[in-house]
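Colleague: I would like to learn how to read the cavities and charged contacts in a model like this one. Could you walk me through them?

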Amino acid sequence: MEKYRGIIFDFNGTLYWDSPKHKQTWREYSKKLRGTAFSDEEMVKYMFGRTNEQIIKYAIGKQPTPEMVEKYGQEKEALYRQMCIEDSENFHLAQGVEKFLDFLKENNIPRTIATMSDWKNVEFYIKNFNLEKWFDIDKIVYSDGIIPGKPAPDIYKIAAKNLGLKPEECIVVEDALSGIESARAAGIGKIIAICSEEPPELYKSIPAVGGIIKNFDEFDRNLFETKVII
């Protein structure tokens, strides 16, 4: 079995299963933008893992102005955060995440997050999920308006560099098709798909996917080259 030195997590739909909330809010804003709501198929292909700018561009069929991106993006994200807080029963990290992050921390395995969320949302997650317990906040990569959105490889290349590792030395955990392609294009050593919203069958057909899990209790701890404490 090949071993890896570090791990990079997508966040939305991976560490925090919030895809239904993003779907609901983008359905509302897609109606504003083009008159009809995004279909489920469009959500999978054009929304998950993308920047707000990319989503708005797809919806209106042309490059949006910076003012439009800012206005609709911030309105949508504020509504999304409100929905998260109001849904207190589901406002927590995904099954097995905290135990797995504790394991990584105890074994000094390099780790970070690479998300297309903007900084306001990342701050929201840091505060509410106590992410500083497990992650160096300065190493988290997020949508800063400069980094190209997934499926471009940039975000995972930057994340690996932040860990002091080569992409091929890292594992990536992703739920979005655009994120899987981003990790593949970045040369990530192993891509694990997590079935937060989609069935395993979707990922089985993707050659780049090296493993499929339903939650983090199923993650194979022996994939890391460090002598670990299980």
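**Cavities and salt bridges**

Modeller: Happy to! Keep in mind that this model is predicted.

Colleague: What volume does the largest cavity have, and which residues line the largest cavity?

Modeller: The volume of the largest cavity is about 50 Å³. Its lining is made up of Val-44, Phe-48, Asp-175, Ala-176, Leu-177, Glu-197, Glu-198 and Leu-202. Sorted by class, that lining has five nonpolar, no polar and three charged residues.

Colleague: And how does the lining of the second largest cavity divide by class?

Modeller: There the lining has six nonpolar, one polar and no charged residues. The residues are Phe-11, Ile-113, Thr-115, Val-122, Tyr-125, Leu-131 and Ile-140, and the volume of this second largest cavity is about 30 Å³.

Colleague: Now the charged contacts. How many salt bridges are there?

Modeller: A salt bridge needs a side-chain nitrogen of Lys or Arg within 4 Å of a carboxyl oxygen of Asp or Glu. By this rule the count is 14 salt bridges. One of them pairs Arg-5 with Glu-169, at 3.1 Å from N to O.

Colleague: Is Lys-150 buried or exposed?

Modeller: Buried, with a relative accessible area of 1%; the cut-off for that class is under 20%. The salt-bridge partner of Lys-150 is Asp-10, and their closest N and O atoms are 3.1 Å apart. Lys-150 belongs to the loop between helix H6 (119-129) and H7, while Asp-10 belongs to the loop between S1 and helix H1 (19-34), 140 residues apart. Asp-10 is buried too, at 5%.

Colleague: I recall Glu-197 from the lining of the largest cavity. Which residue forms a salt bridge with Glu-197?

Modeller: Lys-23, with the closest N and O atoms 2.9 Å apart. Lys-23 lies in helix H1 and Glu-197 in the loop between strand S4 (190-194) and helix H9 (200-204), 174 residues apart. Lys-23 counts as buried at 12% relative accessibility, whereas Glu-197 counts as partly exposed at 31%.

How values were computed
Residues are numbered from 1 along each chain as its sequence is written. This is a predicted model: local features need pLDDT of at least 70, side-chain atom pairs count only at pLDDT 80 or more; totals for chains, interfaces and linings use all residues. Side-chain values use heavy atoms; hydrogens and water are left out. Helices (H or I, at least four residues) and strands (E, at least two) are DSSP runs, numbered from the N terminus. Buried means under 20% relative accessible area, exposed over 50%, partly exposed in between (1.4 Å probe, protein chains only). On a 1 Å grid over the protein atoms alone, a cavity is a set of points where a 1.4 Å probe fits but cannot get out, and a pocket is an open set with protein on both sides within 12 Å along at least five of seven lines; lining residues have an atom within 4 Å of a point. Grid points are joined across faces, edges and corners, and a volume is the space filled by probe spheres set on the points. Ala, Val, Leu, Ile, Met, Phe, Trp, Tyr, Cys and Pro count as nonpolar, Asp, Glu, Lys and Arg as charged, and the others, Gly among them, as polar.
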